[in-house]
Each structure stands twice: as structure tokens, then as C-alpha cells.
Amino acid sequence: MNTAAQVENNLPHQVAPDVVIDVKNLVTHYDDKLILDDINFTVNKGEIMVIMGGSGSGKSTLLRFLLGLNTPTSGTVSLLGKDITQMSAQEMYEMRKQMGVAFQGGALFGSMTVAENTQLPLREHTRLDENTMRIMSRMKLEVVNLAGFEDLMPAQLSGGMIKRAALARAIIMDPKLLFFDEPSAGLDPVVAAELDELILRLRDAMNMSIVVVTHELDSAFKIADRITVLDRGKILMCGTVDEVRNSGNERIHNLLNRKPRQDAVDVDEYMGRLTGRNIKGSLPD
Amino acid sequence: MKKAISHVGKLSLNAIEEVGYAFMLLVESLEWFFLGKFRNQSVRLAHIFHEAMSIGVKAVPIASILCFSVGMMLALQGLETLKPYGAQSQVVTGIAVSVTREFSALIIGIIVAGRSGSAITARIGTMKESQEIDALRVIGINPVRYLAAPILIAMMLVLPLLTVIGDFLGMLGGAVYTSFELNMTVATYMNRSFEVLSINDVAQGVSKSIVFAIIIVLVSVSNGFKVTGGSEGVGRSTTRSVVLSISYIIVADMIFTFFLTR
């Protein structure tokens, strides 16, 4: 298991046999700007890993790299023992059958009903007949408490229902890996708590390995087996809930106590921003 | 001055990048259509049919009305212009040739670019902004195969058909007006039109319409995939898509006509 101490001390990375996600030395840039800096962590089989951090910490960007939606500048992202940064399109296509993703806004297809949305992965990856697909989608909608809503369009659903429908679509293929982006964002506390329970039930019932990206502390502490704390594109810590709670790191402490970040002001840089010139008087490029 | 040169350089690079992107989109769409079944990811006929209905069948009424009106307008202008020379009967040839070679394909191209091209950009752009394109990718569905290829094939099938319908209705518009002016029946007018037309005239318009179909799809789909900046970005890309499609159609038509009349 990749412990917090290993991350903090940059010790050699040892992959245990039950590791299903292994991120090594991940570095990413947007143009010339460094976005993620030397990210290392692992997720074990049947584990819920929460990636936590404030806005702009790079957690949603990290998720895109875990999903293979973007290619990193350097480093590797291994899912189920295979490095997805080196995969061919066909290999990635096969890998995606073992992954389920629920996006922050649901990303349900607006022109399809809830049932059609949940059946889409089956339709694309299997040769099941219509009846079997219908039964399977109803089963998954039952799991997420959306039975009876299969004929509704996404526009007719509430925020919580959209997230649950997206979750039903994500688990329709019984994936080994489930990724959930901001499950609680924009939901009232009761609905958010229901979703947390649902994630825990899924892990227990289907033995899925789940990665949840969130900035909601209560939700993170409730569902996480381990937490990776990101700040300004770097991992501050990777550890159990108790280890994170008891961390002596000031920035983690500030995040947990919802203290706003107060960076020291560089006077020259500040003047440059105000005047549009750098301190030597020439226009910035 | 330095800034201006840098700006022109950036614009040129962007233009080259856009052309390259559109070309790759065309190649990839055709590749998925012809080779998709060998990868167990074929382009669904149901999707092509759905797009063909939306692009083609639903555009028939407006396309018919406009082509009929253009035919009638040509008759009006033609009769007026040829009157001093006593050559009004030649209006039949003029309308038949100009409608089949030029006007029908052009009018249909412009209507479809405005009607369907904008809808395609808005749909794909909205899907991109709401992460539906990402959702397709993580499900393992290639967005070009699922979204672009069916539209391209449907457009390449439907636009020529609409053009042929436009040919007929353009001539019919000319016939209706001319029959009053020259005391001939609509049937006689149409028979004479078919006599003067060669298959080459119709083929010119139809082949142009295939080129226009490719232009509309590449411009609208690539603008849709490149949307950024929320709903405002969708609106901006939609406008850009329509303006570019119509501009490229007119320029392509001019180049096409130049070479076909050599």
C-alpha cells in the first residue's frame, strides 16, 4: 500500500498485487503552466479513494488523466495493471468496458430517456437483446432508487436524480473501477448523504474500487478509506481519514477548517498586474 | 507593427490548424464508416437514417418553396431581358440550365447550412459543454464515429436528393410564370426543359451538392467540437459555423463552376 509517508518522503514506489490504480510521477502542463506536479498515489482493490482539495487545486484535472481523457507531459497512469498513457485506441476501448464514470453534472444525453442513457454502454459493448438490456437498466435504476423514472428525459429530473441516473449508467457494465466527480456538489445535505450511502453500498455489494473527487469535507470523511489531499497541483498528503484529520500540515489544517488561503503579496508582481508593465517598465509579452 | 505581424501569424496558424482538423475529421469519419464494422464499432444505420430525416426530409418544404420562387424569379427576369430581342422562348433553356447547374445546389446548400449546420454546431457544442462528449469517450464511444460520421454520410446522401427536388421545383416555378406570359401549358414547358437538359447539367449540380455537403458537415462539426466558454461560446460558434459554411459554399461554387466551364 502506498502510504502517506511514502508520498511525503518520496520513497520508491512498490506496487502491491491488489493495486488497481497506480499513478507514478504524473506531470501535466497547460501551455507553459504547470498544472499537476509529480503526482504519485495508488488505489487498492475494493477501496474508496477520495481526492480532495480546494477549487483550482487540480483535482478535476487529475481525474481527466485517470480517465485517459488527456495525455500527461510525463509519468504513468496504470489502471488494472496497464499503463493507459501508452495504450492503443483499441486497448483503451477494451479498458473502458471495465470503467464507470459519473460526471459532476451527470452528463446525461439530453436527447435520450433515463433508460436509454443507462442502456447506452450495453448497446455499444454487448450484443444483448432489447429485453435483457431493459431488465438490466431497471435493475441498476432500482439500485440507485430511480425505479419508475426510466421514461423521463434528463431535463425532467432534479439535481440528485440526475446524479443517481449518471451513477446507474456508470455501473451498468459492472465495472471494476468507478470514478465519481463531485457527487455532493449542488445537492442539499439530505440528498448528498443519500448519495454517500449509495457509494458505500456499491463498494460493499460489488467490490468496486472507487475514486471520488470532492471538496465536501463531510462527504469525504464519511465515505473514504483513504484520502489524497491536493493543493496547487501537488499532493500534500495521502492517508487514512484519521491521518488526514490529525495532520500537522498547515495547508491541510486550513482546508479542514475552511480557512481562506492568504498568499504573501509580491509587491513588484502586484504593481505589474495593476499597471500592465513589469517593474523594469517594459510591456509584458 | 510587431503586434500586428504576430496577430496575422497567429491567425494564419489557426487557419491552417482548422483546415488540418477538418481534413482529419473527414478522413476519420470515412474510416469509421468503412472500417468500423471490422472493429465491432460500426456506424449505425439508424443514426444515419435519423440524421437524414432531420437534415433532409424536414428541409423539403422550405427548400421547395425557395427553389420554386427562384425559378419564378428567373423566369420574370429572363422574359423581361429577352423581350427586346424577341427571344423569350429561350427562357426555357436559360432556366433549365441555370437551375440545374447552379441555383438549385447553391440555394439548397445555403438553406441546409443555415438550418442544419447551425443546429449541428449548437448540438455538439452543448454536448461538449455539458461533458456529454467526455461521457461518450469514457463509455468507449468515439465521438467522431457516433456524432460526425452519421451526419456526414446522411448529408452526402440527402443534399443531392434535395438538389434534384430543387431542380424540378425551380423549373416548375419558371413554368408557372412563363405559361401565363407565353401562352404555353406547364406540361409543354416542362417537356421542353427536359429536352434541352443533358445528364451532364444535372450531374454538375449534384456533384456540387456533394462538395457542399462535405463543407457544411466539416465546418459545423469542427466548430461544435471546438466550443469553449459556455452558452455564449455555443452561440458564437454557431454564428461562425453558419457564416463560414455559406462563405465556403459560395467560394467553392465559383471555383467548381470555373473548372466545369473550361
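Does A:Lys140 count as buried or exposed, and at what relative accessibility? In this predicted model, A:Lys140 has 9% relative accessibility and therefore counts as buried, since the cut-off for that class is under 20%.

## A salt bridge within chain A

The side chain of A:Lys140 meets that of A:Asp174 in a salt bridge, with 2.6 Å from N to O. Because A:Lys140 belongs to helix α5 (residues 130-143) of chain A, while A:Asp174 sits in the loop between α6 (159-171) and β7 (177-181), the pair ties together parts of the chain that are 34 residues apart in sequence.

## The build of chain B

Chain B contains nine helices and zero strands, and its C-alpha atoms fill a box of roughly 65 × 55 × 35 Å along the principal axes. Of its 262 residues, 45% count as buried, and the accessible surface of the chain comes to about 12,900 Å², with 70% of that belonging to carbon and sulfur atoms. Among the contacts in chain B with a separation of 6 or more, 82% are made by residues 24 or more positions apart.

One link of this kind in the chain is the salt bridge in which the side chains of B:Glu17 and B:Lys226 meet at 3.7 Å, N to O. Here B:Glu17 lies in helix α1 (residues 2-35) and B:Lys226 in the loop between α8 (199-225) and α9 (230-260), so that the pair links parts of chain B that are 209 residues apart.

Across the boundary between the chains, 18 residues of chain B are in contact with 23 residues of chain A. The area buried between them is about 1,800 Å², and carbon and sulfur atoms give 53% of it. The count is seven residue pairs in polar contact, both residues being at pLDDT 80 or more. Two elements of chain B, α5 (132-139) and α6 (143-181), each give two or more residues to the side that touches chain A, and α5(B) gives the most, with seven residues. That side of chain B divides into seven nonpolar, five polar and six charged residues.

## Salt bridges between the chains

Side chains of opposite charge can pair when their charged atoms come close. Between chain B and chain A there are three salt bridges. In one of them, B:Asp134 pairs with A:Arg64, the closest N and O atoms being 2.7 Å apart. B:Asp134 lies in helix α5 of chain B and A:Arg64 in helix α2 (residues 59-66) of chain A, so this pair joins two chains. B:Asp134 counts as buried at 10% relative accessibility, whereas A:Arg64, at 25%, counts as partly exposed.

B:Arg145 forms a salt bridge with A:Glu124, where the closest N and O atoms are 2.6 Å apart. Salt bridges that share partners join A:Glu124, B:Arg44 and B:Arg145 into one network.

Notes
Residues are numbered from 1 along each chain as its sequence is written. Chains are lettered from A and ligands numbered from 1 in the order in which they are written. Side-chain values use heavy atoms; hydrogens and water are left out. Contact means heavy atoms within 4.5 Å. Buried area is the accessible area (1.4 Å probe) that two parts lose on being put together, summed over both. A salt bridge is a side-chain nitrogen of Lys or Arg within 4 Å of a carboxyl oxygen of Asp or Glu. A polar contact is a pair of N or O atoms within 3.5 Å; within protein, one must be able to donate a hydrogen and the other to accept it, and residues adjacent in sequence count only if both atoms are side-chain atoms. Helices (H or I, at least four residues) and strands (E, at least two) are DSSP runs, numbered from the N terminus. Ala, Val, Leu, Ile, Met, Phe, Trp, Tyr, Cys and Pro count as nonpolar, Asp, Glu, Lys and Arg as charged, and the others, Gly among them, as polar. Buried means under 20% relative accessible area, exposed over 50%, partly exposed in between (1.4 Å probe, protein chains only). Accessible areas come from the Shrake-Rupley method with a 1.4 Å probe; for residues, only the protein chains shown count as cover.
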